[in-house]
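Have the viewer open and follow along.

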Amino acid sequence: MLTKPRLLTPGPTPLPERVRLAMAQDMIHHRKAAFKGIMAKAQEGLARLFGTGQAVLPLCASGTGAMTAAVSNLFAPGEKVLVVEGGKFGERWSEICRARGVIPVPLKVEWGFGVSPSAVGAALDADPHLRGVLVQHSETSTGARHPIEEIAAQTAKRPVLLVVDGISAVSIMPCPMDAWGVDCLLTGSQKGLMLPPGLALIALSDRAWKRAQNLEQNDFYFNLLKERENNAKGQTRFTSPVSLIIGLAESLRMFEETGLDNIYRKQWALTMMARKAVEAMGLTLFAPEHFAWGVTSVLLPQGVDAVQLLAHAANRYGVVMAAGQDHLKNRMVRIGHMGWLDYADLAAGIHALAASYTACGGHVGCRNYLEQALDAYWAALDSGPAAASRI
């Protein structure tokens with residue numbers, strides 16, 4: 001192959017060599033001392049990453065498994081919850097609720113935009129029977145971001161649990177669980193954590209644990225109370241995904257060495273780089289204001305097919321990006337820039353997008369789009385994590 005393959009999807013993401021080598025070690029038993037030691041170190045790193053004093057529970061599942069665990073452990077059948085539906089994964093919350101007998105009350109948000117915290121507050125005031133707010137921090141299907149800290153201010157003063165899907169946000173955007181007042185934060189392994197798919201992570205606040213203790217638990221596999229008991233012993237309840245947890249411990253070491261502020265600063269700079277490139281090309285950013293840091297969604301004009309463009313980018317340039325979902329499959333390109341990526345990888349993706357767009361009938365009028373993008377990256381990187389955290 002003449003070009004290096006580059007994976008620029010919003011999950012799964014590239015794996016660092018250190019993580020790959022860690023997972024390639026000989027297998028160890030998940031009930032013995034060696035594994036318990038690895039779990040203990042991983043717990044320390046996870047507490048820092050989630051910003052919590054609570055246990056962060058590993059589950060052998062995809063991120064959707066953690067979403068299911070949150071619903072089944074925190075809400076009883078027949079109870080009502082407010083679901084922010086601003087994309088495909090917001091809709092997934094509602095699907096999970098209905099499957100568990102929980103009644104979702106959708107708060108519809110235009111795809112590509114973040115929900116208004118005041119709209120959340122108004123919806124909660126309108127129905128005092130609501131027991132939770134279920135929302136994405138980063139809506140991966142659209143590249144939009146919901147204002148979790150401001151939503152938490154609405155739920156903190158009510159008997160309502162805030163449950164946040166951080167699958168494409170944790171380790172990509174700040175979400176300090178305890179400081180913000182998030183009651184349940186969950187993520188998956190295959191995005192910012194720089195691991196293969198198959199591991200989910202979930203943490204509950206004090207009041208969420210009290211809620212779980214007062215509910216009749218009817219989920220055999222996703223029983224978080226029993227999972228917490230095993231976690232205190234340095235184990236998981238069922239057979240552990242040993243290699244994934246070894247890889248997790250290594251990725252958390254990398255975070256500690258780099259520093260979370262520096263990781264967030266890099267993610268912010270990559271986001272600014274991608275967005276500037278799209279604007280310079282004359283294309284449309286799908287999330288114009290409330291945007292996530294790990295994925296940039298591009299709306300193509302009529303007459304340019306996203307699936308055809310993506311195939312050209314992969315075949316000609318070795319760059320794999322993602323299409324939109326549902327009605328946006330042929331209209332949207334999603335550029336992933338989370339995890340083990342740097343500005344050179346994203347520069348290759350930007351060039352592949354521009355060249356493939358041209359090959360599929362589009363027109364890029366600005367020739368220095370990559371130069372503008374790189375200038376935006378270095379400017380954002382130099383602005384520091386404090387500037388990024390204000391966005």
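## A salt bridge across the chain

Let's start with Glu 257 and Arg 18, which form a salt bridge with their closest N and O atoms 2.8 Å apart. This pair links distant parts of the chain: Glu 257 sits in helix 10 and Arg 18 in helix 1 (residues 17-23), 239 residues apart. Bear in mind that this is a predicted model, and that the values here are computed.

How open are the two partners? Glu 257 has 56% relative accessibility, so it counts as exposed. Arg 18, at 33%, counts as partly exposed.

Glu 250 and Arg 253 meet through their side chains in a salt bridge of 2.7 Å, N to O. Both residues belong to helix 10, 3 residues apart, or about one turn of the helix. As a rule, an α-helix has 3.6 residues a turn, so residues three or four places apart point the same way.

Glu 250 is buried, because its relative accessible area is 11% and the cut-off for buried is under 20%. Arg 253 comes out at 36% relative accessibility and counts as partly exposed.

Which residue does Glu 85 pair with? Its side chain meets that of Lys 108 in a salt bridge, 2.6 Å from N to O. Glu 85 lies in strand 3 and Lys 108 in strand 4, so the pair ties together parts that are 23 residues apart in sequence.

The two ends contrast in accessibility: Glu 85 is buried at 6%, whereas Lys 108 is exposed at 61%. Across the whole structure, a search finds 15 salt bridges.

## Helix 5 and its two sides

Strands 3 and 4 turn up again around helix 5. In this helix (residues 117-126), Val 120, Gly 121, Ala 123 and Leu 124 are buried. Looking down the helix axis, the buried residues fall within an arc of 160°, so they line one face of helix 5.

What covers them? The cover includes strand 3 (80-85), strand 4 (103-108), strand 5 (130-136) and helix 6 (148-156). On the face of helix 5 turned away from the buried side, you'll find the exposed residues Ser 118, Asp 125 and Ala 126.

## The largest pocket

Now for the open space. The largest pocket holds about 240 Å³ and has 14 lining residues, with Thr 258, Ile 263, Lys 266, Gly 339 and Trp 340 nearest its centre. By class, the lining splits into 6 nonpolar, 6 polar and 2 charged residues.

Helix 10 is back here too: helix 10 (242-258) and helix 11 (260-281) each supply at least two lining residues. Helix 11 gives the most, with 5 residues.

## The one cavity

How many cavities of 30 Å³ or more are there? The count comes to 1, and the largest cavity has a volume of about 90 Å³. Strand 2 (residues 56-60) gives the most to its lining, with 3 residues.

Among the residues lining the largest cavity are Pro 58, Leu 59, Cys 60, Tyr 221 and Glu 227, along with others including Arg 237, Phe 238 and Pro 241. The class breakdown of this lining is 6 nonpolar, 3 polar and 2 charged residues.

Methods. Residues are numbered from 1 along each chain as its sequence is written. This is a predicted model: local features need pLDDT of at least 70, side-chain atom pairs count only at pLDDT 80 or more; totals for chains, interfaces and linings use all residues. Side-chain values use heavy atoms; hydrogens and water are left out. Buried means under 20% relative accessible area, exposed over 50%, partly exposed in between (1.4 Å probe, protein chains only). Helices (H or I, at least four residues) and strands (E, at least two) are DSSP runs, numbered from the N terminus. The arc is that of the directions from the helix axis to the C-beta atoms. Contact means heavy atoms within 4.5 Å. On a 1 Å grid over the protein atoms alone, a cavity is a set of points where a 1.4 Å probe fits but cannot get out, and a pocket is an open set with protein on both sides within 12 Å along at least five of seven lines; lining residues have an atom within 4 Å of a point. Grid points are joined across faces, edges and corners, and a volume is the space filled by probe spheres set on the points. Ala, Val, Leu, Ile, Met, Phe, Trp, Tyr, Cys and Pro count as nonpolar, Asp, Glu, Lys and Arg as charged, and the others, Gly among them, as polar. A salt bridge is a side-chain nitrogen of Lys or Arg within 4 Å of a carboxyl oxygen of Asp or Glu.
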